[in-house]
Protein chains: 2
Amino acid sequence: MATPNLDVFQVIADPSRRQILQMLTKDSYNINYIAENFEMSRPAVSKHISILQSAGFITISDQGRERYCSLSQDGFIELRNWIDYFDAFWRSKLKTLESVMNKKSKNSNPSKK
Amino acid sequence: MATPNLDVFQVIADPSRRQILQMLTKDSYNINYIAENFEMSRPAVSKHISILQSAGFITISDQGRERYCSLSQDGFIELRNWIDYFDAFWRSKLKTLESVMNKKSKNSNPSKK
DNA sequence: CATATATGTAACTTTTAGGTTACGAATATA
DNA sequence: TATATTCGTAACCTAAAAGTTACATATATG
């Protein structure tokens with residue numbers, strides 16, 4: 001199973017991978033345990049894990065023949081940065097709207113003259 | 001071109017669609033104008049626009065034969081909610097770490113007795 | 001009215017993500 | 001040492017996203 005190199009957006013596009021991330025908010029689990037909680041085969045889950053790791057969403061620590069997976073912040077940060085960019089857009093848009101509103105209220109209420 | 005119904009994660013997984021969203025932070029544009037800024041054919045862009053709209057990332061206002069696209073907050077909010085969930089995870093993890101550190105420093109420094 | 005422009009959509013092809021089974025390597029255990 | 005367990009990977013198949021071209025429709029414009 002060749003593991004394609006996907007960016008963070010493509011990585012979280014898959015529902016199974018998002019579900020794995022959800023699982024890992026509870027605890028660290030080895031790969032077989034994670035696979036037991038999915039309908040698909042173990043190699044399929046193994047591939048998802050590999051993809052999650054290379055995109056920086058999880059880290060893996062080897063303990064004997066087992067490999068324990070934990071969440072890693074890196075991938076999430078990259079996503080958050082993208083979202084934040086658009087958040088800034090909305091905020092500046094709101095600000096523009098407010099200043100337009102202020103101007104209008106001034107014009108519609110010319111107290112002097 | 002059948003437009004598949006994709007969730008917000010799948011929608012932003014495509015680089016071209018993210019690029020379109022970036023464009024729309026500058027201004028509103030009609031579909032042909034957007035298409036001119038891409039290598040791919042106009043119908044391909046048209047399909048991306050349709051996907052972005054049905055996922056709540058953009059709104060479209062008809063003006064005669066033209067259709068102007070603007071950013072819509074809905075899709076972004078859905079994404080942000082997902083990220084926020086994991087942000088809460090990191091914060092609580094940090095908190096746990098802090099309390100562990102506090103306990104340790106207490107134990108390693110038994111001032112009384 | 002005739003023509004140009006903006007757009008949607010149907011039909012089709014190609015690429016690839018995501019799944020499978022089969023196998024091998026490394027480690028734990030009896 | 002023999003066996004069971006954990007995991008990775010190669011080879012392969014399938015479904016669907018993402019692109020294309022061709023065509024139809026609606027609106028603007030001369």
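A: In this predicted model, four residue pairs are in polar contact between chain B and chain A, counting pairs with both residues at pLDDT 80 or more. The elements of chain B that give two or more residues to the side touching chain A are α1 (8-12), α2 (15-23) and α5 (73-108), and the largest share of that side, twelve residues, comes from α5(B). By residue type, the side of chain B that touches chain A divides into 14 nonpolar, five polar and six charged residues.

The extent of the interface can be given both as contacts and as area. In terms of contacts, 25 residues of chain B meet 25 residues of chain A; in terms of area, the two chains bury about 2600 Å² between them, with 66% of it on carbon and sulfur atoms. Within chain B, the residues that lose the most area to chain A are Arg80(B), Trp82(B) and Trp90(B), which together account for 24% of what that side buries.

One of the residues already named for its lost area, Arg80(B), joins its side chain to that of Asp84(A) in a salt bridge, with 3.1 Å from N to O. A salt bridge also links the side chains of Arg18(B) and Asp7(A), here with 3.6 Å from N to O; this pair crosses between chains, running from Arg18(B) in helix α2 of chain B to Asp7(A) in the segment before α1 (8-12) of chain A.

Turning to the strands, chain B has an open sheet of three strands in the order β1-β3-β2, with antiparallel pairing. Because β1 (29-30) and β2 (58-63) of chain B stand at the edges and each has a single partner strand, one side of each is left without a neighbour in the sheet. Helix α4 (residues 42-54) of chain B packs on this sheet, where it touches β2 and β3 of chain B, and the direction of the helix makes about 115° with that of β2(B).

The pairings within this sheet can be followed residue by residue. β2(B) and β3 (residues 66-71) of chain B pair in the antiparallel sense over six bridges; along this pairing, Ser61(B) stands opposite Tyr68(B), and Ile58(B) stands opposite Leu71(B). These two strands form a hairpin with two residues between them, and Gly64(B) in the turn has a positive phi of about 65°. On the other pairing, β1(B) and β3(B) are joined in the antiparallel sense over two bridges, with Tyr29(B) opposite Cys69(B) in β3(B).

Strand β2 (residues 58-63) and strand β3 (residues 66-71) of chain A pair in the antiparallel sense over six bridges, and the bridge partner of Ile60(A) in β3(A) is Cys69(A). β2(A) and β3(A) likewise form a hairpin with two residues between them, in whose turn Gly64(A) has a positive phi of about 65°.

Definitions and conventions. Residues are numbered from 1 along each chain as its sequence is written. Chains are lettered from A and ligands numbered from 1 in the order in which they are written. This is a predicted model: local features need pLDDT of at least 70, side-chain atom pairs count only at pLDDT 80 or more; totals for chains, interfaces and linings use all residues. Side-chain values use heavy atoms; hydrogens and water are left out. Contact means heavy atoms within 4.5 Å. Buried area is the accessible area (1.4 Å probe) that two parts lose on being put together, summed over both. A salt bridge is a side-chain nitrogen of Lys or Arg within 4 Å of a carboxyl oxygen of Asp or Glu. A polar contact is a pair of N or O atoms within 3.5 Å; within protein, one must be able to donate a hydrogen and the other to accept it, and residues adjacent in sequence count only if both atoms are side-chain atoms. Helices (H or I, at least four residues) and strands (E, at least two) are DSSP runs, numbered from the N terminus. Ala, Val, Leu, Ile, Met, Phe, Trp, Tyr, Cys and Pro count as nonpolar, Asp, Glu, Lys and Arg as charged, and the others, Gly among them, as polar. Two strands pair if DSSP finds at least two bridges between them. Axes are lines fitted to C-alpha atoms, for helices over the stretch in contact, and angles run from 0 to 180 degrees between N-to-C directions.
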